[in-house]
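Welcome! Please have a look at what is shown below before reading on.

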Amino acid sequence: MSDTNTILKAEGVFKSYRMGQSDVKVLKGANLSIEQGQFVGIIGASGSGKSTLLHILGALDRPDSGIVSYKERDLNRESTGRLNRFRNETIGFVFQFYHLLDELNVLENVLLPKMAGCSAFGWLVCRSAAKKRAKGLLEEFGLGERIGHKPYQLSGGERQRVAIARALMNEPEVLLADEPTGNLDSETGNGILEVLRRLHDTGQTVVMVTHDDKVAEWAGRVIKLVDGMVEEQAWT
Amino acid sequence: MYKFKLALRYLLRRKISYFAIAAVALCVFVVFIVITIVAGITVNFKGKVYNSIGDCVIHTKSLVGFGHYEEFIEQLQNEPYVYAAAPLVKNYAMVSVDQETKEIAGIEPVSFSKVTGFADWIEYHKGDVGNVFQPTYDVNLPGCVPGIGCYFRRNEDGGYDTPEQLRQIALEFNCIPLNAKGAMSRLGAGDFSSKTFYYSDHFRAGYSLDWKRIFLPLEEAQLLCGMGGPDKRVTHIHIKFNEGIGLEEGTSKVKEIWGKYLEQKKGVINYKLLENVQVDSWKNFSKAVVAMAETQQTMIIICFFLIGIITAFIVLVVFYMVVSHKSKDIGILKSVGAGQVSILSLFLSFGFMIGVLGSAIGALIGWPFIVYINEIFDFFNIQLWDKRYSSILVVPNEIDPKVLSVIIISAIGACLLGALLPSWRAARMKCVDTLQVTQL
Ligand SMILES: Nc1ncnc2c1ncn2[C@@H]1O[C@H](COP(=O)(O)OP(=O)(O)O)[C@@H](O)[C@H]1O
Ligand SMILES: [Mg+2]
């Protein structure tokens, strides 16, 4: 592993939450480095801090201490505005409960990262290209017929595929998925994992959090969060 | 872009935003109507007062009056900004039948009509105001023109039951004449100067003058009050300016030439009386009555401004609820890279839409309501006040687009203000927790 291929890196990350009087220490010096093109599965017991780590890697949250860097860019030093851009352009999030906006239809949900990323004028310029890409993604995921539907009209598996299409809209460097199959039956879940595997095959870097060892088997590299620290598990 | 779209969707999908719109609409509706009516009443009243005064008045508080007025009126009439000037003698008299005290006003009907609305106030000499003091039943009798309310009773519609044909009514006027020094000019048994005048017409100015004033020919009034003779005196000169002359501008010009006139007249007979003379714009002159109406108007506007605060508060509450419901959405937006400014402007445009829609609805309902307010009241047979005692006969319903736009802009502003705090909270929200699922 040469360092030049490292895309996301966490070094000695600490994070704790205040719960009433006491501090709950969730991450206690976690180290992790993710290479370009890897499919990383993060496992660990419920409450072990997997989501917390993922949010920190995606700059949705800041660590208490430690360094999180993207291609040697120290994210701790970036302004909020630049972190917003970073999330918009470089990261794609997929959540357990899909987290689609109920008020928007499928196509609009997929377009959201593009719309959020540009000004009203910029949107006018790039609208048709963006729509084309969004439709292409949805067709790829077998949702070409559903672009006008609202999220509540879709099944769980379909919603998660919309969420993945949204995460991919801006061609992110890294896809971060937090229990993407956690709310689905195993068959539908496998469909989603299939999608992630295919993305990985095309060179997409994927980081997936799961509490399920079976799901983690889909990943090429598995790491485990134990006691706030990262343990390397397996490579395939 | 997505902000506007999302804001619009929130608006349409959240039932609670309809309540916010309804609250704004109701507020705009009520404020619009009340302010229109109150402004209408004030404007109407001020118009009536103005119509009985003209633009500017040269006057003395003393019942003795002042002399040398004819020369000054002549001078005024040569000024380019003066349209007309008219002398007036104001005094008080006991008038038969029941020896009531009335305000008497001596005028030259033609000049007075040029300055005021007098020609339109009379009934039997329309188009012939010069002969208003000639009773139609006998043109040789000395005539007087009482306010319509002096001798006629009002009916329920606020009108007066006047006879079609003028009837001969004799009124005896008793006045205390004062000489130029302010002393009673006659002593002894004949303290009063009295004369009988005949009802030649009446006038309706539309406010309290109608109950208390009687117009007489100028010379007759002067004789009654002891102001006649070689050094004739009056108490007022009413002036109307030409079109386009500002009130303050014209008034200060009159003040200036009056000052010069005083200089010039130094040492003339009864000069002291001239020194008590003041020049005022009609607004200043009638400050006591007009200021009251204006103060009432201001008070009411302030009261209804408070309603606007309530609207802002309702919007604030609604927004707090929406923001709390939408914290997940805010988390999602942040996860795709939307910044604080975007989220702030998302909710602010939501507030803006509520303001625009609400005030549009309020104005659209309020507009026809005001236009047809009198018909609506008539239809439901609503009598809001006793027209026998009021100078207001119909609800004023003239819409001022300027007032309406100020109301709409304020309503939208109130909505933005109400939305600001919750939007700020939304923008600053830490929403990792809302995206987190800790079960499993
Ligand atoms: N915003 C928060 N405030 C307080 N405690 C939190 C918060 N987020 C997570 N935690 C706590 O941190 C621990 C780790 O949470 P999380 O990262 O969601 O674990 P996992 O995803 O592995 O289940 C849990 O004990 C959880 O209760
Ligand atoms: Mg989790």
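Let us start with B:Tyr137, which sits in the loop between helix 5 (118-121) and strand 4 (143-146) of chain B; helices (H or I, at least four residues) and strands (E, at least two) are DSSP runs, numbered from the N terminus. This is a predicted model, where local features need pLDDT of at least 70, side-chain atom pairs count only at pLDDT 80 or more, and totals for chains, interfaces and linings use all residues. Residues are numbered from 1 along each chain as its sequence is written, chains are lettered from A and ligands numbered from 1 in the order in which they are written, and side-chain values use heavy atoms, leaving out hydrogens and water.

B:Tyr137 counts as partly exposed because its relative accessibility is 25%; buried means under 20% relative accessible area, exposed over 50%, and partly exposed in between (1.4 Å probe, protein chains only). Beyond its neighbours within four places in sequence, B:Tyr137 has contacts that include B:Leu166, B:Ile169 and B:Tyr198, where contact means heavy atoms within 4.5 Å. B:Ser200 lies 63 residues away along the chain, yet its C-alpha atom is 8.4 Å from that of B:Tyr137.

Next come two pairs of packed helices. Their axes are lines fitted to C-alpha atoms, for helices over the stretch in contact, and angles run from 0 to 180 degrees between N-to-C directions.

| Helix pair | Angle | Axis distance |
|---|---|---|
| Helix 4 (residues 120-140) and helix 5 (residues 156-168) of chain A | about 140 degrees | 10 Å apart |
| Helix 2 (residues 15-53) and helix 16 (residues 401-428) of chain B | roughly 150 degrees | within 10 Å |

In chain A, A:Arg133, A:Leu137 and A:Leu138 of helix 4 meet A:Val162, A:Ala165 and A:Leu168 of helix 5. In chain B, helix 2 brings B:Val24, B:Val28, B:Val31, B:Phe32 and B:Ile35 to the contact, while helix 16 brings B:Val403, B:Leu404, B:Ile407, B:Ala411 and B:Cys415.

Helix 13 (residues 327-335) of chain B is largely enclosed by the rest of the structure, because eight of its nine residues are buried. Among them are B:Asp329, B:Ile330 and B:Lys334. After helix 13 of chain B comes B:Gly337, with a positive phi near 100 degrees.

Finally, how do the chains meet? Chain A gives 30 residues to the contact and chain B gives 28 residues. About 2700 Å² is buried between chain A and chain B, with carbon and sulfur atoms giving 59%; buried area is the accessible area (1.4 Å probe) that two parts lose on being put together, summed over both. A:His99, A:Leu101 and A:Glu103 supply 24% of the area that chain A buries against chain B, more than any other three residues.
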